[in-house]
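The following exercises concern a single protein chain in a predicted model. Each task is followed by a solution in steps.

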Amino acid sequence: MKIFYVPLILTALLFFNSCLSISNKSFVRSPDYDPDKTVKIVAINTNDVILGRLEHHLLEKGITVVSDNYLRGAVPTGMGITMQSSDTTYTIPQFHPVTLELFQEKPTDYILRYEYDSGLSTNKRSFSYFNARLINTQTGVFDASFTFTQGSLGWNKLDVDMVLSMFARALAGD
């Protein structure tokens with residue numbers, strides 16, 4: 001009878017281990033980092049749903065955020081490329097990148113560069129990883145770095161706002 005329990009216990013442990021999402025974070029900053037300096041977040045992706053939330057969390061922790069002075073987007077050109085195979089003809093729409101300067105660029109102490117992946121989260125409510133680096137605009141040196149990872153599946157996942165708040169608290173020195 002004891003032989004029956006050993007595989008059952010091992011199976012249960014493997015099942016629960018695969019259902020729990022374990023997160024890992026790391027924050028490193030140089031001795032020169034100053035949380036009272038200004039930060040500018042420059043987003044390249046026009047469909048980035050995280051940018052506004054990240055700015056909000058930084059402002060909430062008292063970090064001065066300088067807005068990017070450009071509005072970026074992609075506009076359809078009106079003419080697409082026509083593709084033709086033996087039995088089908090279809091048109092692929094073409095887009096042209098557009099930038100509009102909203103105001104004159106303001107100096108800033110840091111540029112925040114980040115990347116993330118939502119893994120299997122189709123609604124972008126959680127990250128499988130989030131990496132952010134704070135670059136000193138005078139020296140080009142990374143003054144702070146934050147990494148966060150967690151499994152794509154399972155319970156106990158930290159949502160996007162919890163991770164961004166964790167990052168903002170680390171930058172503010174909380």
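**Exercise 1. Pairing around strand 10**

Task: Determine which residue of strand 10 is the bridge partner of Arg-29, and how many bridges join strand 1 to strand 10.

Solution. 
Step 1. The bridge partner of Arg-29 in strand 10 is Ala-144.
Step 2. Strand 1 covers residues 23–29, and seven bridges join strand 1 to strand 10. The two strands run antiparallel.
Step 3. Strand 10 is also joined to strand 9 (residues 129–136), again in antiparallel fashion and by seven bridges. Within strand 10, Phe-148 stands opposite Phe-130.
Step 4. Strand 9 and strand 10 form a hairpin with five residues between the strands. In this hairpin Gly-140 takes a positive phi near 80°.

**Exercise 2. Salt bridges across the chain**

Task: State how many salt bridges the model contains, and describe where the residues of each pair lie.

Solution. 
Step 1. The count comes to two salt bridges, where a side-chain nitrogen of Lys or Arg must lie within 4 Å of a carboxyl oxygen of Asp or Glu.
Step 2. In one of them, Glu-105 pairs with Lys-40, and the closest N and O atoms are 3.3 Å apart. This pair links distant parts of the chain, 65 residues apart: Lys-40 is in strand 2 (residues 39–41), and Glu-105 is in the loop between strand 7 (95–101) and strand 8 (110–117).
Step 3. Lys-40 has a relative accessible area of 2% and is therefore buried, whereas Glu-105, at 53%, is exposed.
Step 4. Arg-53 and Asp-161 also meet in a salt bridge, at 2.9 Å from N to O. Arg-53 belongs to helix 2 (residues 51–60) and Asp-161 to helix 3 (residues 160–172), so this pair ties together parts that are 108 residues apart in sequence.
Step 5. Arg-53 has a relative accessibility of 30% and counts as partly exposed. Asp-161 is partly exposed as well, with a relative accessible area of 27%.

**Exercise 3. The contacts of Thr-38**

Task: Determine where Thr-38 lies, and which backbone nitrogen its side chain reaches.

Solution. 
Step 1. Thr-38 is located in the loop between strand 1 and strand 2.
Step 2. With a relative accessible area of 19%, Thr-38 falls under the 20% limit and is therefore buried.
Step 3. The side chain of Thr-38 reaches the backbone nitrogen of Asp-109 at 2.9 Å.
Step 4. Leaving aside residues up to four places away in sequence, Thr-38 touches Thr-64, Val-66, Pro-107, Thr-108, Asp-109 and Tyr-110.

**Exercise 4. The chain as a whole**

Task: State how many helices and strands the protein chain has, and what percentage of its 174 residues is buried.

Solution. 
Step 1. The protein chain has three helices and ten strands. From the N terminus on, their order is α-β-β-α-β-β-β-β-β-β-β-β-α.
Step 2. Buried residues make up 29% of the 174 residues.
Step 3. The accessible surface comes to about 11600 Å², and 58% of this surface belongs to carbon and sulfur atoms.
Step 4. Among contacts between residues at least 6 apart in sequence, 65% join residues at least 24 apart.

Key:
Residues are numbered from 1 along each chain as its sequence is written. This is a predicted model: local features need pLDDT of at least 70, side-chain atom pairs count only at pLDDT 80 or more; totals for chains, interfaces and linings use all residues. Side-chain values use heavy atoms; hydrogens and water are left out. Helices (H or I, at least four residues) and strands (E, at least two) are DSSP runs, numbered from the N terminus. Buried means under 20% relative accessible area, exposed over 50%, partly exposed in between (1.4 Å probe, protein chains only). Contact means heavy atoms within 4.5 Å. Accessible areas come from the Shrake-Rupley method with a 1.4 Å probe; for residues, only the protein chains shown count as cover. Two strands pair if DSSP finds at least two bridges between them. A polar contact is a pair of N or O atoms within 3.5 Å; within protein, one must be able to donate a hydrogen and the other to accept it, and residues adjacent in sequence count only if both atoms are side-chain atoms.
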